[in-house]
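Subject: Handover of a structure, with notes

Dear colleague,

I am passing on the structure below, together with notes on what was found in it. Please have it open while you read.

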Amino acid sequence: MIAPALFFSACLFAIGVMGVLTRRNALILFMCVELMLNAVNLSFVALSKLHGVSGQVFVVFVMTVAAAEAAVGLAIVITVFRHFRTVDMAALRLLRG
Amino acid sequence: MAVTHPLTGTVAELIWLVPLLPFLGFLINGVFSLSTAYLPGPLDPSQDPTSGHSGHTGEFAAVQATHHGHRHRWERATTIIGPAVVILSFLLAAAIAVTMIGAGSEAPFIQRYSTWMPAGTLQVEWAFQLDHLSMVMVLIITGIGSLIHLFSIGYMREDPGYARYFAYLNLFVVFMLALVLGANYPVIFVGWEGVGLCSYLLIGFWFSDSNNADAGKKAFIVNRVGDFGFLIAMFLLWSNLGALDFAGVAAKAATFPVGSGVITAICLFLFLGCAGKSAQMPLYIWLPDAMAGPTPVSALIHAATMVTAGVYLIARSSFLFALSPTASLTVVIVGGVTAIFAASIALKQWDIKKVLAYSTVSQLGYMFVGVGAGAYTAGVFHLVTHAFFKALLFLGSGSIIHAMHEAYHEGHAHHEDAQDMRNMGGLRHAMPWTWACMWVATLAIAGVPVFAGFFSKDEILGELFERAHGSTLANAHWLGIPGSAILYVFYGLGLVTAFMTAIYMTRMMIYTFHGESRTDPKARPHLREAPWIMTGPLAVLAVLSAAGGWLNLPEWFTEALPVGRGELLHHWLEPVVGPATVALTGAEPHTASSAEFALAAVAAACALGGILVAYLVLKPGKLTSASSSPEAHGVARMLEKKYFVDEVIHTLLVSPVIRVSRTLLWRGIDVGLIDGLMVNGSATVARGIAWVGARVQSGLVGNYAWAIALGVLGLVAVMTFG
């Protein structure tokens with residue numbers, strides 16, 4: 001049962017990575033990051049079958065941190081939108097060398 | 001427990017005070033000089049508008065500017081302190097000499113003060129060695145030095161650099177004393193370099209004229225070549241003999257066979273040093289230019305003391321040269337060639353100081369012939385008498401130049417070259433004291449009997465002749481040429497040189513003092529004798545030049561006339577150079593007194609013949625002043641231009657060096673390689689890297705995410721498959 005769960009987790013993670021790499025809208029990037037986190041959560045749960053309950057404990061921690069991260073991240077996105085009137089990441093190039 | 005030296009506890013313990021006194025003088029006069037440099041006033045020589053065009057050498061340029069100005073701020077104090085310290089050290093040295101004669105010691109008296117280089121087995125100490133040879137030199141340096149310091153008062157008093165002059169002169173005496181008193185080669189080297197420094201400072205004393213500054217640099221650079229030889233000799237001594245002090249080297253050298261290659265190499269390198277310092281071929285070129293300095297400096301440094309340091313060093317290292325007939329013959333050859341070469345140049349010089357300069361080079365050559373032939377006593381004897389009469393000649397010429405300048409100045413005449421003999425003539429009426437003293441010196445240097453130079457020169461030639469048959473030297477070979485042939489040839493050349501010496505000295509006297517005056521008529525009535533402070537030292541030196549021969553009268557002379565004991569200097573120096581002399585001559589060969597008398601008669605005939613020829617041939621009446629004289633032709637032109645040696649050296653050495661320096665070293669390496677490639681190049685590389693780095697920083701989050709993702713992928717790949 002572990003192998004299909006890990007495969008599914010890897011698929012979710014890859015979808016998240018591809019979203020982060022290819023999309024330009026900050027909100028969608030954000031959701032992709034969440035997707036990656038959840039993929040990792042899935043693999044934690046699956047592996048807890050082998051290594052004991054600590055994997056499930058980790059999942060709770062990850063969800064807590066993800067919630068905090070979502071709060072901060074959304075606040076930044078809103079501030080960025082107020083300042084630049086857009087959330088298109090390709091338009092934000094202030095750090096160009 | 002070693003036997004205590006007879007000089008222990010006597011005044012000889014105070015030998016450290018002899019150089020220390022002039023050093024105090026240097027400090028005090030130096031402070032005086034700096035105080036005026038710090039508070040420049042109307043005496044600043046660089047403000048002087050006349051310094052550029054007066055005379056060809058620029059001597060007195062600064063003096064004229066201040067004739068109506070003020071003397072140096074500390075003129076009185078300098079006048080007292082400058083000469084007094086040297087006179088005091090002379091008195092102390094004389095007291096030590098008297099003690100030494102009384103003690104009758106044979107071994108050197110060595111005083112160790114502190115360790116200088118304690119490096120493993122190399123122990124170099126600050127130590128002074130007082131023995132018979134260094135005592136003679138100390139007396140000459142402080143004695144002649146005192147007279148020249150006194151003369152300088154009259155000569156330099158009006159100069160704005162008066163205190164600086166005495167500071168340098170005092171410092172010179174310090175280093176010269178260190179040179180002759182040093183108990184090992186490194187201490188000698190300190191003195192050796194120190195006198196070179198003072199010589200440089202004093203040649204370029206009137207440095208606002210670039211000719212004088214260039215002459216100083218030339219002397220310093222040419223001396224570097226010689227000093228390189230001295231250094232190599234010391235390295236060789238240390239690596240092969242393991243000692244640098246004289247006693248240690250002498251003990252170790254005794255274990256080497258005669259003619260060993262190592263000793264010959266050491267001697268030849270030492271002689272290279274001597275050739276530089278004592279102006280021998282091919283390094284003599286700096287000495288004539290050194291006449292750019294004040295004339296008393298020429299007398300003290302470039303005639304009486306510093307330039308004889310090479311002769312002293314060879315006499316001091318006699319235990320080494322005695323082991324190497326090849327090196328000794330080299331010294332004879334170089335000295336003899338230099339003597340006749342320089343004498344021939346002196347025949348056609350017009351500058352009175354240039355005549356004396358080439359004469360000095362020539363007489364130094366004589367001394368080297370003496371010490372090279374193992375006649376160490378004769379060489380040192382000629383060194384002593386030469387110090388007397390050459391110092392007198394230079395001071396006399398200084399007196400003349402001084403008078404000429406004053407006359408040009410007071411007569412408001414056009415300033416012509418005050419050193420050119422064509423502008424002189426008839427000076428004996430104006431300057432009777434200088435005239436008389438200089439004639440004594442001329443007779444002495446020419447080698448006229450009973451004057452000092454006769455005995456010393458005759459002794460060198462006589463010993464050369466004596467050694468040419470049957471001695472160790474005569475049996476040795478130099479590049480395949482038998483030693484006896486070399487010695488006979490150089491005996492002959494020595495006679496020719498003596499003949500030429502008599503001619504050029506008489507020529508100088510006739511053109512300067514006799515005949516009609518060729519000085520500008522406006523300046524003529526203002527020519528007058530120098531003050532007593534200048535003529536006094538001349539008179540003392542004249543007595544010494546006349547009677548200096550008494551130091552070492554030959555036996556045939558004392559046998560014939562009841563004038564006291566003969567060969568005083570010979571017996572005095574016996575403990576120092578005696579063994580080496582015997583080693584080079586074989587069993588002491590002694591020519592019969594009659595033969596010695598015949599040799600002396602030949603030498604005297606050369607001297608008198610030279611004077612006679614000069615009198616008959618030279619026509620001072622036909623001379624015109626320097627500005628209206630025609631160009632010389634043929635041989636005369638070649639001699640007047642000094643065989644074009646300076647021009648040849650300029651073409652072959654100086655200008656290639658300048659050209660290589662300018663194109664390769666300056667434009668190529670300095671500007672191109674260091675500035676272009678390294679300094680600016682590193683900046684360019686940094687800027688290029690920064691440019692690439694800046695392009696990477698696109699500012700797009702997506703790009704950074706790609707970079708991170710690819711990096712992670714790479715890491716995973718390495719961990720999985722690596």
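**Confidence**

Where pLDDT is low, the predicted coordinates should not be read in detail. Chain B as a whole averages a pLDDT of 85, and 93% of its residues score at least 70. Among the elements of chain B, the lowest mean pLDDT, 45, belongs to helix α2 (residues 61-65), and the highest, 93, to helix α5 (residues 162-181). The scores for the model are ipTM 0.86 and pTM 0.79.

As for conventions, residues are numbered from 1 along each chain as its sequence is written, while chains are lettered from A and ligands numbered from 1 in the order in which they are written. Because the model is predicted, local features need pLDDT of at least 70 and side-chain atom pairs count only at pLDDT 80 or more, whereas totals for chains, interfaces and linings use all residues.

**Chain B overall**

Chain B contains 28 helices and four strands; these are DSSP runs numbered from the N terminus, with helices being H or I of at least four residues and strands being E of at least two. Its C-alpha atoms fill a box of roughly 120 × 70 × 55 Å along the principal axes. Of the 722 residues in chain B, 52% are buried; a residue is buried if 20 or more other C-beta atoms lie within 10 Å of its own, exposed if 12 or fewer, and partly exposed in between, with C-beta atoms placed from the backbone. Among contacts in chain B between residues at least 6 apart in sequence, 81% join residues at least 24 apart.

Helix α5(B) has 20 residues and reaches 29 Å from its first C-alpha to its last, close to the 28 Å expected at 1.5 Å a residue, where the expected span is 1.5 Å times one less than the number of residues. This helix is largely enclosed by the rest of the structure, because 20 of its 20 residues are buried. By contrast, B:Arg695, found in helix α27 of chain B, counts as exposed, with 10 C-beta neighbours inside 10 Å. The C-alpha atoms of B:Arg695 and B:Ala309 are separated by 72 Å, and the two residues are 386 apart along the chain.

Not counting residues up to four places away in sequence, B:Ala391 touches B:Ile144, B:Ile148, B:Ala299, B:Ala303, B:Ala304 and B:Leu541.

Between the chains, 13 residues of chain B are in contact with eleven residues of chain A. On the chain B side, α27 (645-696) and α28 (701-721) each supply at least two residues, and the largest share, five residues, comes from α28(B).

**Local backbone details**

Nine bridges join strand β1 (residues 109-119) of chain B to strand β2 (residues 122-130), and the two run antiparallel; strands pair if DSSP finds at least two bridges between them. They form a hairpin with two residues between them, and B:Gly120 in the turn has a positive phi of about 60 degrees.

The loop between α9 (261-277) and α10 (286-289) of chain B holds B:Pro282, and the peptide bond from B:Met281 to B:Pro282 is cis, with omega near -5 degrees. B:Ala279, found in the loop between α9 and α10 of chain B, has a positive phi of about 55 degrees although it is not a glycine. B:Ala279 is buried, with 31 other C-beta atoms within 10 Å.

With regards

Terms used
Contact = placed C-beta atoms within 7 Å. pLDDT = per-residue confidence, 0-100.
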